[in-house]
Amino acid sequence: MHFSLAPIVIVLLVAVLTVIICRKLNIPSMLGYLLVGFLAGPGVFHLIPQTPATDYLGEIGIMFLMFSIGLEFSLPKLKAMRKLVFGLGGLQVVLTITAIFGILLLQNTPVIHAFTIAGALAMSSTAIVSRILSEKTELGQPHGQMAMGVLLMQDIAVVPLMILLPALAGGSQDNLLYALGIAAVKMIATLGLLFVIGSRLMTPWFRLVAKQKSSELFMINVLLVTLGVAYLTELEGLSLALGAFVAGMLLSETEYRFQVEDDIRPFRDILLGFFFITVGMKLDITALIQGWQSVLMLLIILLVLKALIITAIARYLRHSVADSMKTAMYLAQGGEFGFVILTVSHKLNMLSSEWEQAATAAILVSMILAPFILNGSEKIINRLVKSDWDMKAVDLQNMLIATMSKSEHILIIGYGRCGQTIARILEQENITYYALDLDAERVRIARSTGEPVAFGDAKRREVLEAAGLSRAKMVVITLNNMAETRHILDNIMHMYPTMPVHVRATSDDYLQTFAEMGAEETVSDAKESSLALAAYTLLGSGISYQNVHKIITDIRHSRYQILQGLFSGKNGKKDFYDEKASISRYAFALPDEAYAAGKQIKEIPLADFEIKLLFIRRQTHQIQQYDETFILEAGDILVIAGSKEKIISFENWILQGKS
């Protein structure tokens, strides 16, 4: 039987290109995989046939998705967010399923079909929502916490749904209660395995494996536990996905959780990509055209009805109108777990092909629209909710009153660990400061202890004015989001170009950027850590505190110049000190016959070869200070740095006088 690699190569090529385009457009790559599946599957180009083998590969992807959720599931996290999770989240899942179920029954949809679709549409996309909240630094804001609480409840709700679906598929209406009872018993048995037996066995087992100090063995063991527990739950009549979830929870209780997360991530991401490709393969363009009315109806249910239900529940729980609407907009789309439910239901013959196509298409379209809706959510809320403007005006007024008496104060933007450390030192030295932060809970706790902190978005110029920017002595930006930092720094420089601004940079790539934008000082996380370690190393080497302080201070005063500009090109403008470049350190001795022996440093074409001479070792002495007239001698060891290709050419010149 002849087998061709051409279809697989084409699919991989299309997948790579599609994901690149999605990242360029700031669209989740998951949507790219869905599109690849649609194009490569039976719906369009017929590059990959839809077979039980491809479906099973997709099911393995579901397993690793559920395994990842199990790893992240922790009882302390659940307890801290219990009001949002079980209150807002629990009501959202129950009421959304009930409402959609009722609407579909009115459309004369079969009961099992209606329940399956309702469960699928009740889910939202954890991948899309968490990513956008993180990028917009809104995870700590009220609507961000509300959205994450609901998503956590949805993740939890998938587990009982995975048990209910096989029970409903296997039983008639007469023995439905019996089937649900059996499912409940199996659920209790599974939880018993999790909390009683598994938790006692998993830690010693993983310790035994870890003691062998083999990364391959550790990875094999992770796969063994994941697939083994999934297989056991399948033998019990439960889903593979539930078993993977149980395995993840078992491992989350061990000290190897983070190692497991790192090891499993490549498998999870690749197999999840295949899962979404298999979902895209299920889309039938003919069926979509014929059933466009069903697709449109389900899409409206997702984007409108679901949002209205979430808004109503949030308002009932006394959240503000703006936060309620923002949360609703973030959750008013379908999610990856909706595909999971549809896939499992189709496998159990609980859903007709027409309804599966319609539900899959509706979820897919809603996920495509979600990033565009969420990026414009702020403008939409401001137009719809007048009270939100009023509340912002009140907040600005309160902030203005609090800062009226302050002048020559330090304005700290970002009150995380870095900002709080600066504030503690300023307070100790009786220096006045005022801080802004976007984490509502952090601000509440800080204000309860009397600290001068306010909730405010420093990207808005009116917030900066209310915080007393015009009267501030200087600004310190401590955020770990460099895009936010650039936005804020740009605002400050346009408003008050002479304002001294000190900026934290989490990456060396921004040192030059922030300096060019007008920052007086830019402090690098990586380089400051290196300097601290270097200082301790120098002290341990016997150098006095005074000399160490002088060395480190000189480096800081030179803006890390000796750390950045290790190499100079022909024009003196090119900076070759780049950790991403293949720069190597190399040492070689000058033999008696070397061409460079007896020559002065100025005669050595270092710039032509783009080489940096770090130092010269002569006998037992290391020579770092030398002028252009310094003469090289036979036996000298040259310690240089540069690209490997240039080093080879340079060594040839040193030895023979030609490259």
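1. Helix 10 (residues 215-235) packs against helix 11 (residues 240-252) at an angle of about 135°, and their axes lie 7 Å apart. That angle makes helix 10 oblique to helix 11. Angles under 35 degrees count as roughly parallel, over 145 as roughly antiparallel, 65 to 115 as roughly perpendicular, and the rest as oblique. Axes are lines fitted to C-alpha atoms, for helices over the stretch in contact, with angles running from 0 to 180 degrees between N-to-C directions.

2. This is a predicted model, in which local features need pLDDT of at least 70 and side-chain atom pairs count only at pLDDT 80 or more, while totals for chains, interfaces and linings use all residues. Residues are numbered from 1 along each chain as its sequence is written, and side-chain values use heavy atoms, with hydrogens and water left out. Helices (H or I, at least four residues) and strands (E, at least two) are DSSP runs numbered from the N terminus.

3. Helix 10 and helix 11 cross in the right-handed sense. A crossing is right-handed if the near helix is turned clockwise from the far one by less than a right angle, and left-handed if anticlockwise. On the helix 10 side the contact uses Val225, Thr226, Val229, Ala230, Tyr231, Thr233 and Glu234; helix 11 supplies Leu240, Gly243, Ala244, Val246, Ala247 and Leu250. By type, the residues of this contact are 9 nonpolar, 3 polar and 1 charged. Here Ala, Val, Leu, Ile, Met, Phe, Trp, Tyr, Cys and Pro count as nonpolar, Asp, Glu, Lys and Arg as charged, and the others, Gly among them, as polar. Contact means heavy atoms within 4.5 Å.

4. Helix 5 (residues 82-106) and helix 6 (residues 111-121) pack at about 140°, with axes 8 Å apart. These two helices are therefore oblique to each other, and their crossing is right-handed. Ile97, Ile100, Phe101, Leu104 and Leu105 of helix 5 meet Val111, Ala114, Phe115, Ile117, Ala118, Gly119 and Leu121 of helix 6. The residues of the contact between helix 5 and helix 6 divide into 11 nonpolar, 1 polar and no charged.

5. Two further residues of helix 5 can be noted. Gln92 lies in helix 5 and is buried, with a relative accessible area of 0%. Leaving aside neighbours within four places in sequence, Gln92 is in contact with Ala122, Val150, Gln154, Lys306, Ile310 and Ile313. Leu95, also in helix 5, is partly exposed at 38% relative accessible area. With the neighbours within four places again left aside, Leu95 is in contact with Ile309 and Ile313. The C-alpha atoms of Leu95 and Lys306 are 9.3 Å apart, although 211 residues separate them along the chain. Buried means under 20% relative accessible area, exposed over 50%, and partly exposed in between (1.4 Å probe, protein chains only).

6. An open sheet is formed by 6 strands in the order 3-2-1-4-5-6, with parallel pairing. Strand 3 (453-455) and strand 6 (521-524) are at the edges with a single partner strand each, so one side of each has no neighbour in the sheet. Neighbouring strands are turned by 20° against each other on average, direction ignored. Strand 1 (residues 410-413) pairs with strand 4 (residues 474-477) in the parallel sense over 4 bridges; two strands pair if DSSP finds at least two bridges between them. The bridge partner of Ile410 in strand 4 is Met474.

7. Helix 20 (residues 417-428) packs on the sheet and touches strand 1, strand 2 (433-437), strand 4 and strand 5 (501-505). The direction of helix 20 makes about 160° with that of strand 1. Helix 23 (residues 482-495) also packs on the sheet, touching strand 1, strand 4 and strand 5, and its direction makes about 170° with that of strand 5.
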